[in-house]
Amino acid sequence: MVSVLQNVAIDCTDASELARFWSSVTGRPLHPEDGPGARETQVMLAEGPVLHFNQVPEGKTIKNRMHLCLRPETSRDEEVDRLLGLGAVFVADHRDPDGPGWVVLSDPEGNEFCVLRSESDRADADT
């Protein structure tokens, strides 16, 4: 017997607003029954578990112990620029001068996440 991962739950102070941010990040829709002001909202990912946003009274106070890592379809650097334009905040740069590495951003409520190199970035480095 095993357990199946159902969702990734993210506590937040405004579930509806944060879910809209992540919907824009992933290009995936909100659950059709989740409207503005919902205290629980889901982003329906194409594969795997959903992102489930739970509205809680307290804000984030410390670094995440678990975080999401994104592998963009475009280049890592282009995706970082796009996400900053959506409202992400720059946290740390772990890119190496020769290409490898990642960038740490946070969503509008301060939850850190990483942007990795895309498959095309990785393929270009191997040639």
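Two strands are taken to pair if DSSP finds at least two bridges between them. The legends below describe a predicted model.

**View 1. Antiparallel pairing of β2 with β3.** Over four bridges, β2 and strand β3 (residues 50-55) pair in the antiparallel sense. Within this region, E40 is placed opposite N54 of β3.

**View 2. The open sheet of three strands.** The strand order is β1-β3-β2, and the pairing in this open sheet is mixed. β1 (7-12) and β2 (40-43) are the edge strands, each of which pairs on one side only. On average, and with direction ignored, neighbouring strands of the sheet are turned by 25° against each other.

**View 3. Helix α1 on the sheet.** Packed on the sheet, α1 touches β1, β2 and β3. The direction of α1 makes about 0° with that of β2.

**View 4. Packing of the helices α1 and α2.** Helix α1 spans residues 15-26 and helix α2 residues 76-86; the two pack at an angle of about 155°, and their axes lie 10 Å apart. Because angles over 145 degrees count as roughly antiparallel, α1 and α2 are therefore described as roughly antiparallel to each other. Their crossing is right-handed.

**View 5. Residues in the contact between α1 and α2.** From α1, the contact is made by F21, S24 and V25, and from α2 by E79, R82, L83 and L86. Sorted by class, this contact of α1 with α2 comprises four nonpolar residues, one polar residue and two charged residues.

Technical notes:
Residues numbered from 1 in each chain as written. Predicted model: local features only at pLDDT ≥ 70, side-chain atom pairs only at ≥ 80, totals over all residues. Heavy atoms only, no water. Axes fitted to C-alpha atoms, helices over the stretch in contact; angles between N-to-C directions. Parallel < 35°, antiparallel > 145°, perpendicular 65-115°, else oblique. Left-handed = near helix turned anticlockwise from the far one by under 90°. Contact = heavy atoms within 4.5 Å. Nonpolar A, V, L, I, M, F, W, Y, C, P; charged D, E, K, R; others polar.
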